[in-house]
Amino acid sequence: MEKKFIGNGLEISDLEKIAKMVKDYELGKIEIKNDEFELCIEGRKCPPPPAPMPFMGAPAVQTASPVSETAPVQEKAEQLSGNIVKSPIVGTFYAAPSPDKAPFVKVGDTVKKGDVIMIIESMKLMNEIQSDFDGTVAEILVNNGDAVEFDQPIMIIR
């Protein structure tokens, strides 16, 4: 097999290895300069990752099955009137953007469709959840830092 050189003794296979390193290690750029030879490989520009939420403490250890624990919350939500905001994903519920900030909403607050009303952390990603309803927050059914399941009622908006 014939080797193909791109300059200064570098082979195309060397270039492929360097490009793979830029990608694998998420490097912004690698520059190689030697005499009259110059090579610059730039990686894809990615937005910075969201700032991690501070540790809020471990959730209580569950001794019963998740179905039996979520059932009372779901029954309570079914007994209440209004629009039920449900968790769109499995994760951890956070009422505020960080522990030292005010909650997005509290009982009695007026919200509009599209307002951020909570964060659900899932797989180390902070997902801002927006309201699908206009109205007043009547009840928040979970506590800050609680684990939530997909489709679990979180809040009532009337």
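Begin by selecting Met123, which is found in the loop between strand S8 and strand S9 (125-130); helices (H or I, at least four residues) and strands (E, at least two) are DSSP runs, numbered from the N terminus. The model is predicted: local features need pLDDT of at least 70 and side-chain atom pairs count only at pLDDT 80 or more, while totals for chains, interfaces and linings use all residues. Residues are numbered from 1 along each chain as its sequence is written, and side-chain values use heavy atoms, with hydrogens and water left out.

Met123 has a positive phi of about 55°, although it is not a glycine. Most residues other than glycine have a negative phi. Met123 is exposed, with a relative accessible area of 76%; exposed means over 50% relative accessible area, buried under 20% and partly exposed in between (1.4 Å probe, protein chains only).

Next, select Asp151, in the loop between strand S11 (147-148) and strand S12. Asp151 also is not a glycine and has a positive phi, of about 70°. Its relative accessible area of 36% makes Asp151 partly exposed.

**The whole chain**

Now display the protein chain as a cartoon. Its secondary structure comes to 2 helices and 12 strands, and from the N terminus on the elements run β-β-α-β-β-α-β-β-β-β-β-β-β-β. Of the 158 residues, 28% count as buried. Among contacts (heavy atoms within 4.5 Å) between residues at least 6 apart in sequence, 57% join residues at least 24 apart. The accessible surface comes to about 11,100 Å², of which 53% belongs to carbon and sulfur atoms; the areas come from the Shrake-Rupley method with a 1.4 Å probe, and for residues only the protein chains shown count as cover.

**The nonpolar cores**

Select Phe93, Ile117, Met118, Ile154 and Met155, the residues with the most contacts inside the largest nonpolar core, which has 15 residues. Such a core is a set of buried Ala, Val, Leu, Ile, Met, Phe, Trp, Tyr and Cys residues joined through side-chain atoms within 4.5 Å. Strand S8 (116-122) and strand S12 (153-157) each supply at least two residues of this core. Another core, of 6 residues, lies apart from the largest one; among its members are Ile30, Phe37, Leu39 and Ile41.

Which residues surround Ile117, leaving aside its neighbours within four places in sequence? Ile117 is in contact with Val85, Phe104, Val105, Val111, Ile129, Gln130, Ser131 and Met155.

**Paired strands**

Select strand S10 (residues 135-140), which pairs with strand S7 (residues 110-111) in the antiparallel sense over 2 bridges; two strands pair if DSSP finds at least two bridges between them. Here Thr136 in S10 is the bridge partner of Thr110. Strand S10 also runs antiparallel to S12, to which 3 bridges join it. Ile157 in S12 is the bridge partner of Val137.

**The salt bridge and a surface patch**

Select Lys106 and Asp109, whose side chains meet in a salt bridge (3.9 Å, N to O). The term requires a side-chain nitrogen of Lys or Arg within 4 Å of a carboxyl oxygen of Asp or Glu, and the structure holds 1. Asp109 is partly exposed, with a relative accessible area of 23%.

Finally, select Met21, Tyr25 and Leu27, which make a nonpolar surface patch of about 310 Å². Patches are made of residues with over 30% relative accessible area and no salt bridge; like charges are joined within 9 Å and nonpolar side chains (Val, Leu, Ile, Met, Phe, Trp, Tyr) within 5 Å. Leu27 sits in the loop between helix H1 (12-24) and strand S3 (29-34), and is partly exposed at 31% relative accessible area.
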